[in-house]
Amino acid sequence: MKKLFEYLKLNNLTLSSCESFTGGYFANQITNISGASQYFKGSFICYSDEFKTQVLGIDIEVIKKYSVVSREVLALMLEKTNQKIKSDIVIGFTGYAPPKDVNEKSGLSFVGFRINNRNFIFEFFIEENISREDYKQQASEFIINKLLKI
């Protein structure tokens with residue numbers, strides 16, 4: 001997270017996030033860094049479909065057609081957050097966090113970011129039955145590493 005903060009600082013970029021399964025984990029981690037308010041504008045924690053449709057404005061038909069855990073829904077989460085918060089970069093997460101005994105799709109997520117009006121979306125999958133917190137942490141680290149490589 002500190003590497004991301006230094007990247008934002010060096011490039012004078014602002015950041016926001018739109019989080020589903022991470023439930024604010026990403027925002028919490030970046031706001032643990034002193035001075036984050038200069039670069040982090042805010043976050044939506046859109047855990048429910050209702051929030052995604054009513055607050056973000058995602059069409060429920062898109063969720064029904066593709067599933068809430070899909071590239072299509074994440075793309076809209078990134079775009080809608082960018083429209084509302086107007087940061088240079090938006091990071092987003094939608095997925096099925098473990099444990100596997102609750103949902104057979106647990107461990108599958110789509111994570112991504114939006115920069116310069118272009119979405120970068122990746123499938124993120126962990127087969128092991130790890131804790132929800134470890135899953136959130138690994139997903140956050142995964143997308144930060146992807147962002148820092150562009």
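Rings first, so I note the rule: rings of Phe, Tyr and Trp (its six-membered ring) pair if their centres lie within 6.5 Å, and planes under 30 degrees apart count as stacked, over 60 as edge-to-face and the rest as tilted. By that rule I get 10 aromatic pairs in the structure.

Before going on, the ground rules. I am working on a predicted model, where local features need pLDDT of at least 70, side-chain atom pairs count only at pLDDT 80 or more, and totals for chains, interfaces and linings use all residues. Residues are numbered from 1 along each chain as its sequence is written, and side-chain values use heavy atoms, with hydrogens and water left out.

**Entry: Phe142 and its partners**

I looked up Phe122 and Phe142: ring centres 6.1 Å apart and planes at 85°, so I log the pair as edge-to-face. Phe122 sits in strand E5 and Phe142 in helix H6, so this pair ties together parts 20 residues apart in sequence. (Helices, H or I of at least four residues, and strands, E of at least two, are DSSP runs numbered from the N terminus.)

Phe124 and Phe142 have centres 5.1 Å apart and planes at 55°, so that pair is tilted.

Buried or exposed? I use under 20% relative accessible area for buried, over 50% for exposed, and partly exposed in between (1.4 Å probe, protein chains only). Phe124 is buried at 6%, while Phe122 at 22% and Phe142 at 24% are partly exposed. Ring pairs link these into a cluster whose members include Phe21, Phe93 and Tyr135.

**Entry: the sheet**

I find 5 strands in an open, mixed sheet, ordered E2-E1-E3-E4-E5; two strands pair if DSSP finds at least two bridges between them. E2 (40-45) and E5 (118-125) are the edge strands, each pairing on one side only. E4 (residues 108-115) pairs with E5 in the antiparallel sense over 8 bridges, and Gly112 has Ile121 of E5 as its bridge partner. Helix H6 (residues 132-148) packs on the sheet and touches E3, E4 and E5, contact meaning heavy atoms within 4.5 Å.

**Entry: cysteines**

How many disulfides does the structure hold? I count 0, taking a disulfide as a pair of cysteine sulfur atoms within 2.5 Å. The sulfur of Cys18 has its closest cysteine sulfur in Cys46, 3.4 Å away, which is too far for a bond. Cys18 is buried at 0%, and Cys46 is also buried at 0%.

Conventions
Axes fitted to C-alpha atoms, helices over the stretch in contact; angles between N-to-C directions.
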